[in-house]
Amino acid sequence: MYEFSESKYKYEAIFIFKDGKWGVFEMKKLIWTSAIAMLAAGQLAVAQESGTDAAEPVEQTRSLQKVVITARKQQETSLEAPLSVTAFTSDTLINEGIGDPDALALRTPGMTYGNFGDSKLSPTSLRGVIGGAGSAGADPAVAYYLDEVFLGQGVGAAVDLFDLERVEVLRGPQGTLFGRNAIGGAVSYTTARPTDEFEARLEAEAGNYDYYRIGAVVSGPLVKDTVSGRLAFQKTERGGLSDNVVLGQEVNTEGSWSARGQLLFNLGVETEWLLTADYKEIDQEPLIFETLKYIEGTTFVSVLDAFAIERNADPFDRKVYADQQPVETAEIWGASSTFTTTISGVDITNITSYREHDYFSRTDTDRSALSWLYDGDPETTQRFSNEFRLNWSSGDLDWILGTYYYDQEASNLSFIEIGSDLADLLGAPEAAGGRSGSDARMDTRSIAAFASMTWNVSEKLDVTLGARYTDEEKKIDYSQSDPFGLLGGDFSVTGSDSWSEVTPTANVRYRFTPETIGYVTVSSGFKSGGYNDALGDANGISFDPETLWNYEVGLKGELFDGQMQASLAVFYMDWTDIQITTDNPNTPLYDPQISNAGAAHSTGVELEVLSRVTDYLTVGLNAALQEAEFDEGILPDGTPLDKIPYAPDYTLNLNADYEAPLTQTLDWFVGGSVLARGESYLTQDNQADGRVESYTLYNLSAGIAANDGSWRFSIWGENLGDEEVKQRLFDLSGTDVVGQKFVVLGDPETYGVRLVVRY
């Protein structure tokens, strides 16, 4: 990669080898050239529509599939919806092996998933908008939904992307129809529904690092024309991506299984009742940090050297040093009821849900052979929600009215545990195994009412106005026990607060042709205040709400008789009272605080193009250029805030798939993608150790399939260049008892085989 400067902005470029010469193609030119081509194509379509002279389109025999989405609580294609959305179909998820948010993010413009190596703390960013913490006390900036049920964040959102009908990633605040904590956007999972006819599917994968995944689905009628059911099961296991040198064992393993059952009752011509229950169990050894840097002169490093304990010499060799293996377990389950009916032309929907998870983690804090320090982050959470919604049309007006209720009870029990070597150093050997930690009980109650009205002014023009009123209340009962003085002492806090906000949306859509639309949107999002329910400082336990305004212009549609689909969005977002988590480096203690840190903006352009070049070849491009920066705000050490973390300068996904007949009954296929990311930072202070340089990942797959769709076999490889990408920087350099900076790496090169059989 090559980096250069132009004015105040920084752009990236890709070296391209062609005709025996190296050339440079600017990312900025790539996106804007494609955008101009799209606009020109749109003008060509307009000319053809009006009968003016234009070149005859190339004859094709197959059009691209249109993806139906429900982002606006109604069925429409992704090309009709006047918002920035990336939609993944069931076939895309299966064929590309997309099984987690990290894989989604790499294929979505402007989306980043901070894969921290655990199920609780990994954050999601859209257009640079990211949450400040991962526990139940601080809400996410990007909301996850499963069949329109809010999943929360972290462990609560750790559902498997298996047997889904589609995934919709909605960029920009979804403050009217999705509501709470969708300030940066929403990720909506829609499960496959029970079918009227019997069907079954088996999926099996195996790969390096002793990886395997099996999944099975069966669906069909239970009582003819009245009740149908669906059952899905998946199990995933993977050996360690790293080695624990001290114990001679693999670490960074993966292990989970999940099941989902559904019953669909047909209660009349326009009445359905869907009952869903799901369960997931996690048992693995993640949280593998490698020491990036030791801080000389700290107590820990001095003891390490005094006893000639081996240091981690290479933070990128996937070899770690710890005297105990990490542990992560979780039980996650939920049940929901979705009732739909139509009375006198009014569609009525009621969605009731209860979800719960019980999570435990424990790991070696210091990553050394010393019996020194350990930490854990257990959490239990119960969530109940209900949404009631009405949809109807009256003349030229389409209406949506609804109410929402959400109640959450969470218990967070973060701790630090003393090892025997540290206890001896403190002169208190009896303290070995003792804990310092927090006990936080937190209740959240949210009530909302929302309305949206679309005025169909003409066949070409419609205007949508909407708003949501949200009232939230949070209560906390927090105590911290610190007998060893590692966290700042003992204290207890109780508190409660409430916040309310109106989040409006205004949208204008114009149809240039039946296949091409343009839109303008102004929308807002709101995230309530809260309390730091993890380890911390009593002075920084509470924080205020944050709000965001989004201004967006877009153009999307079909071109060349359905042989190309394209969408373009240009946006500017203004973000105020941002909630960030920081540790005060001026104290020797680990005392992070969540605070409101001023204002920021995010601006950029997003482009998605999918084209069927021939009957057998499909080529896709999606990309984003963005600038996400703080406009004001200062860290506890006086450092001005600058770049928003987890917001790369650009994201790029170039992909191609070729599938053609091999015999009368078989097809062969080959596909690949180039996934590139610009420079970004992993910390609020933009320190050099947390800088992630531009990188590119290469994925390939190839195989054969029955042309009737009954089975498909492929070999696949991901990150084939074995790129080493930093995912997280955990900075404990200011903590004397640890004195290190740790880094988490993304997955190395992986490869394997995949078989899908359908009946």
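Let's start with an open sheet of three strands in this predicted model, ordered S21-S48-S47 with antiparallel pairing. Strands here are DSSP runs of E, at least two residues long, numbered from the N terminus, and two of them pair if DSSP finds at least two bridges between them. S21 (290-294) and S47 (726-732) stand at the edges with a single partner strand each, so one side of each has no neighbour in the sheet. On average, neighbouring strands of this sheet are turned by 25° against each other, direction ignored, using lines fitted to C-alpha atoms as axes.

Another open sheet of three strands runs S18-S17-S22, with mixed pairing.

| Pair | Bridges | Facing residues |
|---|---|---|
| S21 and S48 (740-745) | four bridges | Tyr-294 and Gln-740 |
| S17 (242-244) and S18 | three bridges | Asp-243 and Glu-250 |

Now for the cores: sets of buried Ala, Val, Leu, Ile, Met, Phe, Trp, Tyr and Cys residues joined through side-chain atoms within 4.5 Å, where buried means under 20% relative accessible area with a 1.4 Å probe, protein chains only. The largest nonpolar core has 31 residues, and Val-129 and Trp-575 are among those with the most contacts inside it. S36 gives the most to this core, three residues. Apart from it lies another core of 25 residues, including Phe-300 and Val-744.

A word on the basis: residues are numbered from 1 along each chain as its sequence is written, and side-chain values use heavy atoms, leaving out hydrogens and water. In this predicted model, local features need pLDDT of at least 70 and side-chain atom pairs count only at pLDDT 80 or more, while totals for chains, interfaces and linings use all residues.

How values were computed: Axes fitted to C-alpha atoms, helices over the stretch in contact; angles between N-to-C directions. Buried < 20%, exposed > 50% of the residue type's maximum accessible area, 1.4 Å probe, protein only.
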